[in-house]
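Have the sequence and the 3D view open side by side. Read each section below, then find the residues for yourself.

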Amino acid sequence: MNALTPKAIVAALNRYIVGQDDAKRAVAIAIRNRWRRQQLPDGIRDEVGPKNILMMGPTGVGKTEIARRLASLVGAPFVKVEATKYTEVGYHGRDVESMVRDLLDRAIDMVRAEQTEVVRTEGERRTEESLLDLLMPPVDMPGEQDADAADRRQRSREKMRKRLQEGELEDTSVEISVKQKVMPQGVFAAGVDSLDPDMQGFLEKLMPSQSKRRRVPLREARKVIFDQHCEGLIDEEKVIEMAIQRTENSGLIFVDEIDKLCSSDRQGGPDVSRQGVQRDLLPIVEGSQVSCRQGLVRTDHILFIAAGAFHGTSPSDLMPELQGRFPIRVELTDLTRDDFLRILTEPENALTKQQIALMATEGVKLDFTADSVEAMAELAATVNNTTQNIGARRLHTIMEKVMDDLSFEADEKSGDAVNVDRAYVMDRLKDVAADEDLSRFIL
Ligand SMILES: Nc1ncnc2c1ncn2[C@@H]1O[C@H](COP(=O)(O)OP(=O)(O)OP(=O)(O)O)[C@@H](O)[C@H]1O
Ligand SMILES: [Mg+2]
């Protein structure tokens, strides 16, 4: 976390997202401020609240992408939720507080993974002993009491250990006992998956766990046994305590599609549920306590980043209280032809790179000339202008269309080199691009 300076965060985001500098800056500062707050002395630390961010911008310009990349970057518990998921509470939606529970679950996973590293050496040592026990069960033979026999056994155990360490026994099948939660047939069996995860967790706790013996290859047994030993070595209460603390102090919740909570026509009616979600969000964003299975979580210092296209609506259509909870507003800009050009080639997951890699699996050496990428970028800009502006998503449809024939036949072209140039692109797209109605359907 210490190394995550605002500039480092922006640089990391730059590897995947073109432009949108304001948004990158804002999230970078917000994340850094979390860290700064952590360094403060107790008294003042509690006073520094997070400054939640609202990202606005047309569809397909990188809002969700920024969130996704941020997620893999920050070493903090992070969840991304769609606001629309909560609009159907009472039917089959989830209650808004569950986002905090998900965040805590994420934090618990993180802390547990860290603690596993702490006890790894001891866990592995114990696992090795258990595996040896499985491979040569300690037999109680009468007459083996004497020192000689014990010595022999010890020697062969060491021999076995050596073979184990050298990886010779990975495929040997051994019998282990695994704990399993048994769901009683009938009552729950049908609908468990459709239940709210919180409810599921609750039910699972009620279920008796049964040990079952199974024969598995040693390589799998090692994992199971290692986990079992770690369970014994890790103090679960401490894990939860640390996780709650981390959730409260560095948790980050990304609420996507928040604009979908605005009522587009101001007439009420079917919008009760959207209004309801806004109202439910308020206390969480403002700071309250959410009760989770593992304990109470305060949300005062959780950072919220919300995003929405606000197409035909504006942040002022949100409840005034909620607007005030997102003081930092950043606007993402429309993408231009030049942006498209860069998006096609620069990011680490650029579409051209993806296609080249895909074709390589068939033995086809694909290449895009500079003018082919220009042609695609121009087309994307044109079609976005003439039909509907769907941002960078347009590039996906164009790329698919360009690659269509080759994708279908690539397996027969192993060993070929295919050069995609401007003519190749135009050849596949000019009819469609020229006809507005057609491009509405196809691109
Ligand atoms: N600035 C950008 N740089 C690189 N790729 C981008 C950029 N903007 C969008 N993309 C690509 O376009 C696709 C859609 O982007 P994204 O999901 O971020 O849109 P969004 O802004 O969340 O739109 P919506 O409002 O519809 O949810 C993704 O595949 C993403 O990689
Ligand atoms: Mg999105």
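**The chain as a whole**

This is a predicted model. The protein chain has 17 helices and 11 strands. It has 443 residues, and 30% of them count as buried. Look next at contacts with a separation of 6 or more: residues 24 or more positions apart account for 83% of these contacts in the protein chain.

**The largest core**

Nonpolar side chains tend to be buried together in soluble globular proteins. The largest nonpolar core here holds 88 residues. Within this core, Val-27 and Met-376 touch the most other members. Helix H14, residues 370-386, gives the most to the core, with 8 residues. Where does this core lie? Domain 1 (6-106 + 244-331) and domain 3 (337-431) both give residues to the core, so it lies between them.

A second, separate core has 5 residues, including Leu-131, Ile-176, Leu-218 and Ala-221.

Now return to Val-27. Setting aside residues up to four places away in sequence, Val-27 touches Ile-53, Ile-66, Leu-70 and Ile-305.

Is Met-376 buried or exposed? Met-376 is buried, because 27 other C-beta atoms lie within 10 Å and 20 or more is the cut-off. With residues up to four places away left out, Met-376 touches Leu-344, Leu-395, Ile-398, Met-399, Val-402 and Val-425.

The buried residues of H9 are Val-239, Ala-243, Ile-244, Arg-246, Thr-247, Glu-248 and Ser-250. They pack against H2, helix H5 (98-135) and strand S7 (295-298).

Here is a general point to keep in mind for helices. An α-helix has 3.6 residues a turn, so residues three or four places apart point the same way.

**Around the ligand**

There are 17 residues around ligand 1. Which come nearest? They are Thr-59, Gly-62, Lys-63, Thr-64 and Ala-392. By class, the shell has 7 nonpolar, 7 polar and 3 charged residues. Helix H4, residues 63-73, gives the most to this shell, with 3 residues. Domain 1 and domain 3 both give residues to the shell around ligand 1, so it lies between them.

**Apart in sequence, with distances in space**

The table lists three residue pairs.

| Pair | Apart in sequence | C-alpha to C-alpha |
|---|---|---|
| Phe-304 and Phe-326 | 22 residues | 8.1 Å |
| Val-383 and Arg-394 | 11 residues | 8.1 Å |
| Met-376 and Met-399 | 23 residues | 7.7 Å |

Phe-304 sits in strand S8. It counts as buried, with 23 C-beta neighbours inside 10 Å. Apart from neighbours within four places in sequence, Phe-304 is in contact with Asn-52, Ile-253, Val-255 and Val-285. Val-383 lies in helix H14. Val-383 is buried too, with 23 other C-beta atoms within 10 Å.

**Two positive phi angles**

Most residues other than glycine have a negative phi. Gln-20 is not a glycine, yet its phi is positive, at about 55 degrees. Where is Gln-20? Its place is in the loop between helix H1 (6-14) and helix H2 (21-39). Gln-20 counts as buried, with 24 C-beta neighbours inside 10 Å.

Phe-310 also has a positive phi, near 45 degrees. Phe-310 is found in the loop between strand S8 (303-308) and helix H11 (320-324). Phe-310 is buried, with 21 other C-beta atoms within 10 Å.

Terms used. Residues are numbered from 1 along each chain as its sequence is written. Chains are lettered from A and ligands numbered from 1 in the order in which they are written. This is a predicted model: local features need pLDDT of at least 70, side-chain atom pairs count only at pLDDT 80 or more; totals for chains, interfaces and linings use all residues. Helices (H or I, at least four residues) and strands (E, at least two) are DSSP runs, numbered from the N terminus. A residue is buried if 20 or more other C-beta atoms lie within 10 Å of its own, exposed if 12 or fewer, and partly exposed in between; C-beta atoms are placed from the backbone. Two residues are in contact if their C-beta atoms, placed from the backbone, lie within 7 Å. A nonpolar core is a set of buried Ala, Val, Leu, Ile, Met, Phe, Trp, Tyr and Cys residues joined through C-beta atoms within 7 Å. Domain bounds come from an automatic or database domain assignment. A residue is near a molecule or strand if its C-beta atom, placed from the backbone, lies within 6 Å of it. Ala, Val, Leu, Ile, Met, Phe, Trp, Tyr, Cys and Pro count as nonpolar, Asp, Glu, Lys and Arg as charged, and the others, Gly among them, as polar.
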